[in-house]
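Colleague: I would like to go through some of the labels used for this model. Please set each one against its definition.

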Amino acid sequence: MPTKLTKRDFAKVTGAAALGITTGAPWAGRPQTSAESGTKPVQGAAAFPDGFLWGVATSAFQIEGAVKEDGRGASIWDSYAHTPGKIRNGDNADVAVDHYHRYKDDLRLMQDLGVKAYRFSIAWPRIFTSGLGQPNAKGLDFYRRLIDALLEAGIEPFPTLYHWDLPQALQDKGGWQSRDTAKAFADYAGYMAGALSDRTKHFFTINEFFSFVDIGHRGAEVVVDGRKVRIEHAPGLKLSNAKLNQVRHNAVLAQGLSVQAIRANATAGTKCGPADNLSTAVPAIETPEHIKAAEIATREMNAGYLTVMLEGKYTDSYLAAAGKAAPKFTEEELKIISSPVDFIGINVYRPAAYVVASERAGGFRPIPFNKSHPRMLSLWHLLGPEVMYWAPRQMQSLWKTKEIYITENGCGASDEISANGIVDDSDRIMFLRNHLAHLHRATAEGVPVKGYFHWSLMDNFEWSDGFTNRFGLVYVDFKTQKRTAKLSAAYFREAMARNAVV
């Protein structure tokens, strides 16, 4: 259980001294101004628009732990993580980083970093043990306490309703292969909106469709250093084309139904929208014909998810490619799927492809990634910072999106604590600076990006990689649960304080 820390103790425990955090008033949960810190804005610094929202992101299964406490039911990731051979080193998230017990201390981390918004997810099986039925009061109380503490600290809460932790009881009844799961999710979303919209006005509905649908129900192959590597997520199925396409449809149907449920149950002024990992095609050469080809490619690569959600129809090429394996749907379902949203969150890590214009059918040709193409630590994470410009730009140009949030962006690294107690994560600082520079280009051109959430606040359970790859701004000793701020946290704090690329 966490202990109460003084400001001075906090600096020792978290390594906050390495960030320049002191015990004085300027660090009472907000970034210093240039006048307070004695710094001056960098001449020619790329400033973001006034009101740009800076935040960090996490997900329930990756950080909370306490998987059998206070009435929480089992999720598909609990089952998957305890299946031998599925998670690297046999890791599981039974404890994770113990956020369920340490959330107040973790909130103080956010305060002292100066973040103004926190995107977290709500564990569906913590609210409805079996996905349906009577809500679990203790589970709901945890998120109420968390949100209240955030508001008291001046940090705006942005809860996500589904970050892959489907209740195992629903999986046993067919999981996302069943339309009933889409209806159950809508009931859960409506309940949460009614219970929490007096405290928070933003809900992200579903996180990363491709990750939990395709990778969870078929697996995916990525090319790494010229060779194919397989990635798999819970529930670890290998469905046929027809069954996988139907799961995709059921997932976007859940999105539409949840929007309707939130509208029906939330207080006035509540906003909602998905947070998806947009598959972004980047033009290999920035000329009009290649830019157009990249837009065509992005629309088609997202045909089963964002495209149908925002256009209310599947593209002709998507249905033609699926053939007899196309999903079964009705026109009424397409109307539900395209229920209007208030914003779109996009998780941006890497380009899905580089493309050039082509005279062949479709109008574009993907460029294969060279064997020597640079990547970050994670095998899937090819490096291409310019995607941070093209992803939001294409959201606006293709679908006229009026509010966009970068809901995830970050990288895993082989972080270690040095002899002087600091994590000098140079690669993460490089990653951040370059991605923020390209994001600034988008906002400077008027693309309506309203905020940026860094993934992640702290190291956590990284799905099939277990505790191997570290994505946090804060280093976590997984044995002792001690938190130590990394050098990238100092960089991020400075960018937030100046509202600019630094």
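**Labels and their cut-offs**

Modeller: Start in β13, where Tyr405 is the bridge partner of Gly345. This is a predicted model, in which local features need pLDDT of at least 70 and side-chain atom pairs pLDDT 80 or more, while totals for chains, interfaces and linings use all residues. Residues are numbered from 1 along each chain as its sequence is written, and side-chain values use heavy atoms, without hydrogens and water.

Colleague: What makes β10 and β13 a pair of strands?

Modeller: Two strands pair if DSSP finds at least two bridges between them. Strand β10 (residues 344–347) and strand β13 (residues 404–408) have four bridges, in the parallel sense. Strands here are DSSP runs of E of at least two residues, and helices are runs of H or I of at least four, numbered from the N terminus.

Colleague: Which strands make up the closed barrel?

Modeller: The eight strands run β2-β3-β4-β5-β8-β10-β13-β14, with parallel pairing. On average, neighbouring strands of this sheet are turned by 25° against each other, direction ignored. Axes are lines fitted to C-alpha atoms, for helices over the stretch in contact, and angles run from 0 to 180 degrees between N-to-C directions.

Colleague: Why is Phe61 called buried?

Modeller: Buried means under 20% relative accessible area, exposed over 50%, and partly exposed in between, with a 1.4 Å probe and protein chains only. Phe61 has 4% relative accessibility, so Phe61 counts as buried. Trp463, at 5%, is buried as well.

Colleague: How do you know that Phe61 and Trp463 are stacked?

Modeller: Rings of Phe, Tyr and Trp (its six-membered ring) pair if their centres lie within 6.5 Å; planes under 30 degrees apart count as stacked, over 60 as edge-to-face and the rest as tilted. A search of the whole structure gives 43 aromatic pairs. For Phe61 and Trp463 the values are 6.0 Å centre to centre and 10° between the planes, a stacked pair. Phe61 lies in helix α3 and Trp463 in the loop between β14 and β15, so the pair ties together parts 402 residues apart in sequence.

Colleague: What is the label for the pair of Tyr405 and Phe453?

Modeller: Tilted, with 6.3 Å centre to centre and 55° between the planes. Tyr405 is in strand β13 and Phe453 in strand β14, 48 residues apart. Tyr405 is buried at 6% relative accessibility, and Phe453 is buried at 0%.
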